[in-house]
Structure formats: C-alpha cells, structure tokens
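Thanks for coming, everyone. Please have a look at the model on the screen, and then I'll walk you through it.

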Amino acid sequence: MSAQEINSSALAIGIIGTGLVGGELLAQLLDSPSTNKHVVAVLSSKLMSFGVPTLDWKSTSKAVPADLEAFLDHLASFPNAVVVDCSCDQSIADGYPTYQSRGLWVVTASKLGVAGPANLYTSIDQFKFFHESSCGAGLPVLSTLSSLINSGDEILSVKGIMSGSLGYLLSHPTIATAPFKDLVIEAKNLGFTEPDPRQDLNGMDVARKVLILARACGRKELELNDIQVSAVCPPTVMEGDAEGFIDRLEGFKVADPGQGKVTRFVGSVDFEKDDYTASLETLDASAPLAQTSGPTNIFHIRTRRIPAGIVISGPGAGKECTAFGCYSDILKVASAVGAKG
C-alpha cells in the first residue's frame, strides 16, 4: 500500500517485531478494519512486507529480506505515520529520535528506550511518543500520571506490584510448600517470565519500570543505577550460565514472612524522600498491595490533591493486554494527527 492508496489524513502504521506482542497487535488491528488507520508495513528480524498484511505475511510473495532503512523510507512517504516497536532490540530503541526527525511518531512496548540512558530518553520528542505498555502492560498508569500532572497536581509517590511474573510466583498458593524451582518452571511454561527467568528474578524488570515512572513524573535525569535493587535469589543462584539456572534453584525457597504476613516484590517511587527502589518487602496480609494474586499488577498513586491515593489494578502480563496498550497509543496518535476516514 502506497501513500496514494489511502486517505491523505489517515494514519499509516508500521510494526517492528512480530513475535508474541507484535503478532497479537497485528491480529487486533486486522480484526478491527478502519478507513482512518492502516497497517502498511511489518518488519521482523529477518523479513519485512509492505502493503496490507495478513497474519501469515511471512509466507506470502510480498515478504522480502528485512531492511530497516527501506522500511522507514516507506513509512516516511505517508503524510501521517507511526512506528510501533514491539521488538526487544536496543538498536531499534536507540533510533527513536532519528525516526522522529523523519516525521514519524513512535509507539513502543519496549523498556529499552524509556529506561535507557538519560541522554537517549531526553533526546526523544515526548509529544510524538507514547509508551503505555512499557509499564503495567495495558493498564492506564502512564496516561493517568500525565493527566494528573497536566491538571496541575503533584505526584508524591507511586508504589506497586509491577511484575506479573514475580506477582504470580510470590502469590502462588503453594509458595510456602512447593519447591520454588517448580513454580518458576510453571510460570515460564505459562509465558509469565522472560525466556531467561533470571531477567525477572534479578529485579531489573521492576527497576526499569520504577525508572520509567520517575521519568514520567519529571525526573528525566535519573539513570537505572539510581534505583536501589535487590534480587529475589542470592548471587550463588543468579550467577552462572542461563542453561544451568533452573538446576541452581534446587533447594532455594523464599523466606517465610511469618503469621499474617506475605512477601511481595515492590517497586517504589517516593518523591518526598527522593527514594527509588525495587525489592522484596514483607507486608501485612491485609495491606492493599498484598491483595494481588497471579500476574496481577497494582499501582498506588499518591498526589498532593489526593493523598489517600488512586489505585490502578489489572493484568500485568500477557500478549493481549500488552498489545492493547500499544493499540490504545496508536489511537492517541490517530487523534493527535486528526486521522479521518
């Protein structure tokens, strides 16, 4: 599909990364055809295709070897276009400012740009950039923070259960009795963890979300090493090769928090104390953050006007809700450019 084949005010969409999230986003977009937004290009690590794709686009005659520059050139030929990054590729995230300089909007599910070096983050034009799915999957956390700040309110703190995988593991009904190794294998098989579960258990996923939240509230200069992080497992388990990690979990258990208590992995942004943490915490079983189960996320946002706080809760993992977050951001771009059918 070329720029001449769609309405001049419509939004052209190019998706980078067609794995779990990117593939689900493509399915959702194709399931809701519209005259004001069109998928005009898809790019994977090896292949790309121009035109209106199908879910099996890789097996069609339009699939050609991947070429990022050609992909961007094609998108830039449309009056209104957005790059949607569903990859886990740092080089793609590094390119956000360049894409924007070519007139493209950027939507991303990746944390690599928004939780990358501060000089990359500050070089991204935030007006032409949406990343709701980078923190809380499809939950409206970042958009709520933006609305609160734009209304003149002041964010005091954001605290929550920010990892669907760690939420699933630590709230598991057999956490006190079952081997932790078996729970990790179960969570991995369900798709709740990264392919290498250490990327969840080392706490860095939550640390990146803490950094994303802090930057969204104005602390753009913060770096990832400003976040205090503690891993779920000790170094003797975490260190070594990925292949042997599951075996090294043999015998490890999360410490019993005691009667009436639960253990949760909590991310915290506290502007009053200038404190930013991602760590295991022992909570009263009746505490709001202790009420989550499975891969549920919960965010408690305290503000100057609403000191008791706003609570946002829902699925914190899964391709469907993460893709929805990207779709929601695409709709925001369409509205911003005045895309019409």
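Let's begin with aromatic pairs. Rings of Phe, Tyr and Trp (its six-membered ring) pair if their centres lie within 6.5 Å; planes under 30 degrees apart count as stacked, over 60 as edge-to-face and the rest as tilted. By that rule, there are seven aromatic pairs. One of them joins Tyr96 and Phe129. This pair is tilted, at 5.7 Å centre to centre, with 45 degrees between the planes. It links distant parts of the chain: Tyr96 sits in helix 4 (residues 96-101), Phe129 in strand 7, and they are 33 residues apart. Helices (H or I, at least four residues) and strands (E, at least two) are DSSP runs, numbered from the N terminus.

Before going on, a word on ground rules. This is a predicted model: local features need pLDDT of at least 70, side-chain atom pairs count only at pLDDT 80 or more, and totals for chains, interfaces and linings use all residues. Residues are numbered from 1 along each chain as its sequence is written, and side-chain values use heavy atoms, with hydrogens and water left out.

Are Tyr96 and Phe129 buried or exposed? Both are buried. Buried means under 20% relative accessible area, exposed over 50%, partly exposed in between (1.4 Å probe, protein chains only). Another pair is Phe180 with Phe252. This one is edge-to-face: 5.4 Å centre to centre, 75 degrees between the planes. Phe180 lies in helix 8 (residues 180-189) and Phe252 in the loop between helix 12 and strand 10, so the pair ties together parts 72 residues apart in sequence. Phe180 and Phe252 are both buried. There is also a cluster: ring pairs link Tyr96, Tyr99 and Phe129.

Next, the cores. A nonpolar core is a set of buried Ala, Val, Leu, Ile, Met, Phe, Trp, Tyr and Cys residues joined through side-chain atoms within 4.5 Å. In soluble globular proteins, nonpolar side chains tend to be buried together. Here, the largest nonpolar core has 68 residues. Which of them touch the most other members? Leu145, Phe180, Leu201, Leu213, Cys233 and Leu249 do. Helix 10 (residues 204-216) gives the most to this core, with seven residues. Apart from this core lies another, of 24 residues, among them Val21, Ala109, Tyr327 and Ala334.

Let's zoom in on Leu213. Contact means heavy atoms within 4.5 Å. Not counting residues up to four places away in sequence, Leu213 touches Cys135, Val141, Leu142, Leu145, Val158, Met162, Val269 and Phe299.

Two strands pair if DSSP finds at least two bridges between them. Gln228 has Thr277, in strand 11, as its bridge partner.

On to helix 1 (residues 20-30). Its buried residues include Val21, Leu25 and Leu29. What covers the buried residues of helix 1? The cover includes strand 1 (11-16), strand 2 (37-43), strand 5 (81-85) and helix 13 (319-337).

Last, a few loop residues. Most residues other than glycine have a negative phi. Ala137 has a positive phi, of about 55 degrees, although it is not a glycine. Ala137 is in the loop between strand 7 (129-130) and helix 6 (141-150). It counts as buried because its relative accessibility is 6%. Asp274 has a positive phi too, of about 50 degrees. Its loop runs between strand 10 (261-270) and strand 11 (275-284). At 46% relative accessibility, Asp274 counts as partly exposed.

His131 is found in the loop between strand 7 and helix 6. With a relative accessible area of 10%, His131 is buried. Among the residues that His131 touches are Thr108, Ile212 and Asp329.
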